[in-house]
Amino acid sequence: FPPAVFPLSCVVQNYSWGKVGLESEVAKLVASGDPLVQIQPDQPYAELWMGTHPRGDALIRDNRIPQKTLGQWITDNPACLGAKVKDTFQGQLPFLFKVLSVNTALSVQAHPNKELAVKLHAQFPEHYPDANHKPEMAIALTHFEGMCGFRPVEEIVSFLQNVPELRALIGEVAAEQLERSGSDDPRGVSAALRVCFTRLMKSEKKFFVDQLNMLVKRISQEAAEGKDTSGSNGDLLLRLHSQYPGDIGCFTIYFLNLVKLEPGEAMFLGANEPHAYLYGDCVEIMACSDNTVRAGLTPKFIDVLTLCEMLNYTPAPSSSKIFPAAQSQLDPHVYLYDPPVPDFTIMRIEIPASIKLYLISAMDSASILLVIQGTAVGTSTAAASEMSLHRGSVLFISANESMSLHLSSPNGMLLFRACCLL
């Protein structure tokens with residue numbers, strides 16, 4: 001039998017928003033995973049891709065396996081996905097697993113649902129390369145900040161009253177409509193919110209740049225005088241403006257929740273949820289798609305009309321955006337992040353130092369295992385030989401295969417396992 005459990009060497013993406021050199025969790029994981037890799041101190045290490053995406057298909061690190069990449073191996077051995085996964089997702093691994101190290105903000109964006117993805121791909125294949133939806137989930141590895149979903153209306157109204165430059169862009173009529181909308185009429189609230197956000201995103205370039213410059217100047221002066229600028233979200237405004245001067249995305253901070261995650265906390269981004277990662281390191285998992293509708297904090301193609309049309313305009317507090325992990329009933333060391341989509345699930349596995357032998361259990365899905373901390377020797381009847389696991393190791397585990405970890409680290413282990421639980 002060919003080995004069905006094997007180590008991977010994964011692709012790094014050096015996008016400009018990534019943390020630089022060994023500041024980056026991606027770089028640290030890659031450097032400990034493969035001591036031969038040279039980390040360039042001035043190069044951004046933004047994303048580590050663990051999966052079969054054509055722009056980052058993982059290499060197989062086992063010379064007994066003839067296939068070079070994970071994608072080729074799955075194509076030749078589709079049963080490794082598990083029967084249900086193979087049938088549901090046409091013989092493809094249904095998710096892409098990543099580590100992100102974010103230094104400067106990513107674009108304000110949302111991902112389409114299946115129906116819209118089919119339409120966008122048919123109309124604009126050069127911008128929307130496939131017909132799939134792209135729900136995603138991020139789990140913090142370090143303190144992590146992002147914007148996600150629309151704020152409660154009272155917060156937005158308070159900014160409209162404290163930030164005259166914002167009110168000028170939205171216009172008096174739309175601002176008053178939102179101020180008058182009552183919590184007893186959620187559809188009215190969403191409609192008013194849609195009008196306000198669309199007015200903002202479609203404002204004339206020269207007009208919004210002038211307003212933004214006025215706002216930044218005013219906040220900078222107030223901050224220099226030691227005044228409290230929180231009523232205008234001053235700190236975040238100045239930070240984003242220094243990263244993307246003159247960008248309409250700077251104003252989205254008045255509409256979107258700021259969500260702060262501590263290590264182990266997660267946020268799930270369903271279809272049509274506006275979001276932007278701001279800073280920190282996380283593991284991320286997503287459905288296999290590249291469909292992103294962008295509208296600010298980016299030099300890339302922006303599609304304001306589509307974005308404003310598609311968004312979910314339901315206001316909610318930032319606390320509601322934190323996605324809870326559930327401790328597994330079967331194994332108290334496993335915490336499950338199981339979102340309301342079929343494409344993926346993540347397990348966080350925390351093995352205490354007192355345990356010297358731990359079983360990574362078999363499941364009816366292929367999975368990818370990432371070691372964040374700790375060391376062990378892994379053995380499996382499905383592996384060609386024993387494997388040394390340490391920080392940065394990535395393993396592919398075929399469906400219905402298990403693996404024993406013989407732990408050798410004084411501090412236990414932290415692992416993340418990406419899979420598909422249908």
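Author: A charge sits over a ring if NZ of Lys or CZ of Arg is within 6 Å of the ring centre and within 35 degrees of the ring normal. This is a predicted model, where local features need pLDDT of at least 70 and side-chain atom pairs count only at pLDDT 80 or more, while totals for chains, interfaces and linings use all residues. Residues are numbered from 1 along each chain as its sequence is written, and side-chain values use heavy atoms, leaving out hydrogens and water.

Reader: What makes the charged end of Lys 300 count as sitting over the ring of Tyr 15?

Author: That charged end lies 5.8 Å from the centre of the Tyr 15 ring, and the limit is 6 Å.

Reader: Which ring does Arg 348 lie over?

Author: Arg 348 lies over the face of Tyr 335, 4.4 Å from the ring centre.

Reader: Why are β19 and β22 said to stand at the edges?

Author: Let's start with the sheet: four strands follow the order β19-β24-β21-β22, with antiparallel pairing. Strands are DSSP runs (E, at least two residues), numbered from the N terminus. β19 (357-360) and β22 (387-389) each have a single partner strand, so one side of each is left without a neighbour in the sheet.

Reader: How do you know that β19 pairs with β24?

Author: Two strands pair if DSSP finds at least two bridges between them. Four bridges join β19 to β24 (residues 403-407), so the pair meets that rule.
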